[in-house]
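Dear colleague,

I am passing a structure on to you with this message.

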Amino acid sequence: MSSRPAAGGGRWVEVDPARVTRWVEGFADRHGPPTTTVLGYGLLLTAPDGATAELHTPPGARPAPDLEAFAGVAAAPRRLGLLLARKGAVAVGVADGTELVVSKVDTRYVQGRTAAGGWSQQRFARRRDNQAKAALGDAADLAVRLLLPAAGTLAALVCGGDRRAVDTVLADRRLAPIAALRAERLLDVPEPRHAVLVAAVSAARAVHILVR
């Protein structure tokens with residue numbers, strides 16, 4: 001479980017689906033037995049002391065009418081596509097439940113920034129932009145090879161890394177069936193590597209809870 005401050009107050013807590021019921025029991029112990037309201041994003045728990053917990057349905061899971069059903073669908077195995085992209089690096093995979101069953105990582109050199117000025121700086125900037133475009137083009141090709149064949153079996157596509165890079169990859173017309181499955185969640189990940197892709201499976205399946 002991890003947590004981070006939330007904009008506007010409170011904290012976001014990320015909980016493994018198998019531990020959601022236990023987490024809610026702890027919330028009830030601290031704040032009193034909560035009432036449950038079904039909302040578009042998932043469930044809202046409101047405790048007698050005014051504390052609230054918003055349980056957001058994880059990517060690919062079905063809406064649930066109560067806590068027991070929510071915990072069940074959140075923990076249920078489902079196939080997720082994964083696309084992690086940053087300038088010069090991409091990781092693509094398919095997770096079946098908690099297991100990464102398809103994966104590929106590709107890196108391509110993109111020149112760093114230069115302190116030179118004038119024409120030299122402009123030339124280096126153009127070269128860097130061209131390298132980045134070529135890298136993202138390769139990333140789209142990789143996504144086509146690995147994700148398109150699985151499109152019909154995926155419950156959702158979860159992306160991570162740099163939003164602009166991800167958007168550029170998914171702008172490829174060939175990936176329209178995959179882009180249509182994209183979840184709102186954007187994983188905060190470092191430069192994509194195989195270990196990062198493996199860790200992204202748990203992050204993609206985690207239940208996000210906003211506690212106030």
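Predicted model: local features only at pLDDT ≥ 70, side-chain atom pairs only at ≥ 80, totals over all residues.

Strand 7 is mostly covered, with seven of its eight residues buried. Strand 7 runs antiparallel to strand 6, and eight bridges join the two. Within this pairing, L83 has V92 of strand 7 as its bridge partner. The hairpin of strand 6 and strand 7 has two residues between the strands, and G88 takes a positive phi near 90 degrees there.

A89 has T107 of strand 8 as its bridge partner, A91 is paired with V105, and A95 stands opposite L100. Strand 7 and strand 8 likewise form a hairpin with two residues between them, and in the turn G97 has a positive phi of about 70 degrees.

These strands belong to an open sheet of five strands, in the order 8-7-6-9-10, with mixed pairing. Strand 8 (99-107) and strand 10 stand at the edges and have a single partner strand each, so one side of each is left without a neighbour in the sheet. From one strand to the next, the twist averages 15 degrees.

Two helices deserve attention together with the sheet. Helix 4 (residues 163-170) packs on the sheet and touches strand 6 (79-86), strand 9 (156-161) and strand 10. The direction of helix 4 makes about 115 degrees with that of strand 6. Helix 6 (residues 194-205) packs on the sheet as well, touching strand 6, strand 7, strand 8, strand 9 and strand 10. The direction of helix 6 makes about 130 degrees with that of strand 6.

Helix 2 covers residues 67-75, and its buried residues are F70, A71, V73 and A74. An α-helix has 3.6 residues a turn, so residues three or four places apart point the same way. The buried residues of helix 2 pack against helix 1 (20-31), strand 4 (42-46), strand 5 (52-56), helix 6 and strand 11 (207-211). At the start of helix 2, a side-chain oxygen of D66 comes to within 3.3 Å of the backbone nitrogen of E68.

R185 is buried yet has no salt bridge. The nearest side chain of opposite charge belongs to E14 and is 6.5 Å away, whereas a salt bridge requires a distance within 4 Å. What does the side chain of R185 reach at 2.8 Å? It reaches the backbone oxygen of A206. Leaving aside residues up to four places away in sequence, R185 touches P58, P59, V158, C159, A203, A204, R205, A206 and H208.

The other residue is Y41, placed in the loop between strand 3 (35-39) and strand 4. Y41 is partly exposed, and its relative accessible area is 25%. Residues up to four places away in sequence aside, Y41 touches E54, L55, H56 and T57. The C-alpha atoms of Y41 and E54 are separated by 8.3 Å, and the two residues are 13 residues apart along the chain.

Finally, some values for the chain as a whole. The chain has six helices and eleven strands. Of its 212 residues, 43% are buried. Among the contacts with a separation of 6 or more, 58% are between residues 24 or more positions apart.

With kind regards

How values were computed
Residues numbered from 1 in each chain as written. Heavy atoms only, no water. Buried < 20%, exposed > 50% of the residue type's maximum accessible area, 1.4 Å probe, protein only. Lys, Arg positive; Asp, Glu negative; His and termini not counted. Polar contact = N/O pair within 3.5 Å; in protein donor to acceptor, adjacent residues only side chain to side chain. Contact = heavy atoms within 4.5 Å. Pairing = 2+ DSSP bridges. Helix = DSSP H or I, 4+ residues; strand = E, 2+ residues; numbered from the N terminus. Axes fitted to C-alpha atoms, helices over the stretch in contact; angles between N-to-C directions.
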